[in-house]
Amino acid sequence: MYDVVIRHGLVIDGTGSPGKHWDVGIKDGKIVAVATRITDKGSQEIDAAGLVVAPGFIDTHSHSDLMLLANPSLEEKIRQGVTTEILGQDGLGLAPIPSAEAANMLREHLAGLLGRPDIEWTWRTFGEYLKAYQKKGIVLNVGTLVSHGALRIAVFGMEDRPSTAAELATMKSLLVEALEAGAMGLSTGLIYPPCNFAAREEMVMLGETLADYSRALVVHVRNEADNLLEAQQEMISLAEETNMHLHISHLKTIGKKNWHKIDDSLALIEKAKENGVCITADQYPYIAGSTSLSACLPHWAMDGGPKAMLARLTDENMRQKIKEAFKTPVPNWQNRGETEGWENVVVASVRSDDPAVVGRSIAELSQAQNKHPVDVIMDILLREENQATMVCFQNSEENVKKVMQKPWVMVCTDGILGGGKPHPRLYGSFPRVLGKYVREEKVISLEEAIRKMTALPAAAFGLRDRGIIKEGL
């Protein structure tokens, strides 16, 4: 007797092979039989005639970290077929936090993107953090990356400076401790403080440590717009030097004037792969991105952390200096007014849910309030205490399709949970690939789409027990 038998479905097993009409038998949480016909009964029988049977989808880039602890069901993911999420992305994860001071600074730092749900941060080590999910009884399976930002904050806060030799040693010790506890790799967001304050020596140390453990560096590259190719080459060179697995988050090109770079971008990565560098990437299937509104500001404005940033926004001289920064090109900083245009930067959520702000572009608010666009942004951040997100229309449909067709690119949501008008990728990334790009536009096959959602991410992140419909998994 099986626990579950799924009958008469078209089994697309995740390997990319053509689907076959098989029955699938499940017992004690494992696939124990895959056959043309299973004669034994199941305690639960599912007739899947006319339907596809696939492995559970793996969201390789998720920001559900805090919200899963507040809402263990998280229907936003379950309802689109996601059964496993990889958390701790963009250097914006929740652990380690070895002191109350580090915990407070990290909580404030992440509020703009992850919100401030009413939960108690009871952990200090990375292992204790993982146990918090187990204790909560979450419905989803989760794997978690250790966060570069959390490592820096744990050691010396959010100071805009290179780390000392002693600080590097402490960071390495914390990283090793997290990897030993079960971290699936390390994430960094090189557009976000404090990750973008790190010198190359620090990145090399992190990469070498990851290589020792055969874990990936998952990176939001330093620039996805004017300096896209240089930012990718920086990470490829790091992977070559350290022999680590490089995983590029949400691969794309930002700004119409940069869309033509997609071919060079993909060629750069594929040449490195041909030369033996281990590189994978993920993608959400939309032309718009989303992140915290504070990401509009120049990096130095965040020196010292969110409280220091908000204090600067109350100082007229500092506000003027921030506005002046938008007139002068700064290497590796993305001036969104110039790359995307303020008409394409839309306020997605604010702490107060102010309907006069949410859903309106910075250009629209600037005109309505008769204010400089950067003043609008600074006013919102100050009023909402940095708890504000944005949606930015930045990519092209043609480029989305070109990236999607690469066999080493998998699917993610990059979903940000919160109020207001969130980016639809939170709810629709996986159905959109299957509906729009497979069924309607035939950009990729159904078998290839499912491989990108299952076996490919499982292999990339070392998940050996799932990702394929096969006996024993």
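Ser-349 sits in strand E15 (residues 345-350); strands (E, at least two residues) and helices (H or I, at least four) are DSSP runs, numbered from the N terminus. This is a predicted model, in which local features need pLDDT of at least 70, side-chain atom pairs count only at pLDDT 80 or more, and totals for chains, interfaces and linings use all residues. Residues are numbered from 1 along each chain as its sequence is written, and side-chain values use heavy atoms, with hydrogens and water left out. The points below cover the surroundings of Ser-349, then salt bridges, then two helix pairs.

**Around Ser-349**

- Ser-349 counts as buried, at 12% relative accessibility; buried means under 20% relative accessible area, exposed over 50%, and partly exposed in between (1.4 Å probe, protein chains only).
- Ser-349 and Thr-389 are 40 residues apart in sequence, but their C-alpha atoms are 5.2 Å apart in space.
- Apart from neighbours within four places in sequence, Ser-349 is in contact with Val-358, Gln-387, Ala-388, Thr-389, Gly-419 and Gly-420, where contact means heavy atoms within 4.5 Å.

**Salt bridges**

- Side chains of opposite charge can pair when their charged atoms come close.
- The structure holds 33 salt bridges, each being a side-chain nitrogen of Lys or Arg within 4 Å of a carboxyl oxygen of Asp or Glu.
- One of them joins the side chains of Arg-200 and Glu-241, at 2.8 Å from N to O. This pair links distant parts of the chain, with Arg-200 in helix H7 (residues 200-212) and Glu-241 in helix H8 (residues 228-242), 41 residues apart.
- Arg-200 is partly exposed, with a relative accessible area of 38%, and Glu-241 is partly exposed too, with 48%.
- Another salt bridge is formed by Glu-338 and Lys-257, whose closest N and O atoms are 2.7 Å apart. Glu-338 lies in helix H12 (residues 336-339) and Lys-257 in the loop between strand E12 (245-248) and helix H9 (262-274), so the pair ties together parts that are 81 residues apart in sequence.
- Glu-338 has a relative accessible area of 43% and is partly exposed; Lys-257, with 42%, is also partly exposed.
- Arg-466 forms a salt bridge with Asp-465, and their closest N and O atoms are 3.0 Å apart. Arg-466 is partly exposed at 26% relative accessibility, as is Asp-465 at 36%.

**Helix pairs**

- Two packed helices are described by the angle between their axes and the distance between the axes.
- Helix H3 (residues 100-114) and helix H5 (residues 148-156) have axes that come within 9 Å and cross at roughly 140°. Axes are lines fitted to C-alpha atoms, for helices over the stretch in contact, and angles run from 0 to 180 degrees between N-to-C directions.
- H3 and H5 are therefore oblique to each other (under 35 degrees is roughly parallel, over 145 roughly antiparallel, 65 to 115 roughly perpendicular, and the rest oblique).
- On the H3 side the contact is made by Ala-102, Met-105, Leu-106 and His-109, and on the H5 side by Ala-150, Ile-153 and Ala-154.
- By class, the contact of H3 with H5 has six nonpolar, one polar and no charged residues. Ala, Val, Leu, Ile, Met, Phe, Trp, Tyr, Cys and Pro count as nonpolar, Asp, Glu, Lys and Arg as charged, and the others, Gly among them, as polar.
- The axes of helix H15 (residues 397-404) and helix H16 (residues 425-440) come within 13 Å and cross at roughly 105°, which makes H15 roughly perpendicular to H16.
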